[in-house]
Amino acid sequence: MKQLLKMELKRAYTGGWMKIAVIMCFLLAAEHFVLRVLPLDILSDYNPYVASSTPKNLLSGWMAGTPSLENEIYQYVVYIMIILPFGTSYYSDVKSGLIKNIYTRQNKLKYLISKSIAVFASSGTIAVMPLVMNILLCSTILPAIFPEWSSGPNCDGLFVYMYYENYIIYYLAIFLMIFVYAGLIAGLALSISLFARNIFFVATSPFLICMVSDRLLAFFNSRLLWGCQVSRIFDVVQIGAKYEEGMILLAIVLLVSGYITFIAKGTCDETF
């Protein structure tokens, strides 16, 4: 399985669609840096005689530090970007006949597990890449000032206490959370590949499922269901509250409907 996993990871990280996804990440991160950060006068609103006055800084000035157009764009295109690198690869393997060659040489279960790991890892990587790129670019210009009590995420947000104690650990925790959930969402594309007859449907279904479910869950007066809204995961600014119990339920639903369904049904299916 080790050799098979290495092969799948290599395909995921060196493929043409991964390169396209990386370019998209860089363009989004660079666009904000060039248009929003470079023209800034860092000291324009700073008054040394006012205690609450601070210069323009990294925590509020990077792409997801405060609400911005680029952050809004990210929250929509991320569903497509995470599928691009390897999300449709199982469908492509079946249609091209490559899977027949693999199954004659490798155990079916090992292949499906390796495929799942490669999709999870590559999707999570792409989800956090524009955020990491942008915060690194912005850190070359904007000073990293310790956050004021009046700034920062919603008081009901996730890991808020970390933001004021150590914002580096806070953002690492947020990026890790996004990595995990993006990987779980990409698993939907794999399970859909077992039933779909069109690669475009495979690539866009996770986006449609997340958008429609978000709108439907918003109608319910339930913290548990609100916590299941996928859009809250990618809301790095944390304008709204995050509900941990709902997030746990969301992770379970995504895992079962994605990777577990894919491996369970894929193992039983005959390959023609």
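**View 1. The buried residues of helix α2 pack against α1, α3 (58-61), α4 and α7.** Contact here means heavy atoms within 4.5 Å. This is a predicted model, where local features need pLDDT of at least 70, side-chain atom pairs count only at pLDDT 80 or more, and totals for chains, interfaces and linings use all residues. Residues are numbered from 1 along each chain as its sequence is written, and side-chain values use heavy atoms, with hydrogens and water left out. Helices (H or I, at least four residues) and strands (E, at least two) are DSSP runs, numbered from the N terminus. The buried residues of α2 are Met18, Ala21, Cys25, Leu28, Ala29, Ala30, His32, Phe33 and Val37. Buried means under 20% relative accessible area, exposed over 50%, and partly exposed in between, with a 1.4 Å probe and protein chains only. Helix α2 covers residues 16-37. Its 22 residues should span 32 Å at 1.5 Å a residue, and its end C-alpha atoms are 31 Å apart, which agrees. The expected span is 1.5 Å times one less than the number of residues.

**View 2. Helix α1 crosses helix α7.** Two packed helices are described by the angle between their axes and the distance between the axes. Helix α1 holds residues 2-14 and helix α7 holds residues 108-138. Their axes come within 9 Å and cross at roughly 35°. Axes are lines fitted to C-alpha atoms, for helices over the stretch in contact, and angles run from 0 to 180 degrees between N-to-C directions. The crossing of α1 and α7 is right-handed. A crossing is right-handed if the near helix is turned clockwise from the far one by less than a right angle, and left-handed if anticlockwise. From α1 come Leu4, Leu5, Glu8, Leu9, Arg11, Ala12 and Tyr13. They meet α7 residues including Tyr111, Ile117, Ala118 and Ser122. By class, this contact of α1 with α7 has 9 nonpolar, 3 polar and 4 charged residues. Ala, Val, Leu, Ile, Met, Phe, Trp, Tyr, Cys and Pro count as nonpolar, Asp, Glu, Lys and Arg as charged, and the others, Gly among them, as polar.

**View 3. Ser122 and Leu131 are two residues of helix α7.** Ser122 is buried, at 0% relative accessibility. Leaving out residues up to four places away in sequence, Ser122 touches Ala12, Tyr13, Met18, Pro85 and Phe86. Met63 is 59 residues from Ser122 along the chain, and their C-alpha atoms are separated by 22 Å. Leu131 is buried, with a relative accessible area of 0%. Beyond its neighbours within four places in sequence, Leu131 is in contact with Trp62, Met63, Ala64, Tyr74, Phe175, Ile178 and Val236. Leu131 and Phe175 lie 44 residues apart in sequence, yet 8.2 Å apart in space, C-alpha to C-alpha.

**View 4. Helix α7 passes helix α12 in a right-handed crossing.** The axes of α7 and α12 come within 9 Å and cross at roughly 155°. That makes α7 roughly antiparallel to α12. Angles under 35 degrees count as roughly parallel, over 145 as roughly antiparallel, 65 to 115 as roughly perpendicular and the rest as oblique. On the α12 side, the contact is made by Tyr259, Phe262, Ile263, Gly266 and Thr267. On the α7 side, Leu109, Leu112, Ile113 and Phe120 are among the residues in contact. The contact of α7 with α12 divides into 8 nonpolar, 3 polar and 2 charged residues.

**View 5. Helix α9 packs against helix α12.** Helix α9 covers residues 167-193, and helix α12 covers residues 244-268. Their angle is about 40°, with the axes 7 Å apart. That makes α9 oblique to α12. The crossing of α9 and α12 is left-handed. Contact residues of α9 include Met177, Tyr181, Leu184 and Leu188. Those of α12 include Met247, Leu250, Leu254 and Phe262. The contact of α9 with α12 has 15 nonpolar, 6 polar and no charged residues.

View 6. Gln75 sits in helix α4, residues 69-81. Gln75 is buried, with a relative accessible area of 15%. Not counting residues up to four places away in sequence, Gln75 touches Ser231, Phe234 and Asp235. Thr88 lies in the loop between α4 and α5 (89-96). At 14% relative accessibility, Thr88 is buried too. Phe159 is in the loop between α7 and α8 (160-165). Phe159 is partly exposed, with a relative accessible area of 25%. Its phi is near 60°, a positive value in a residue other than glycine.
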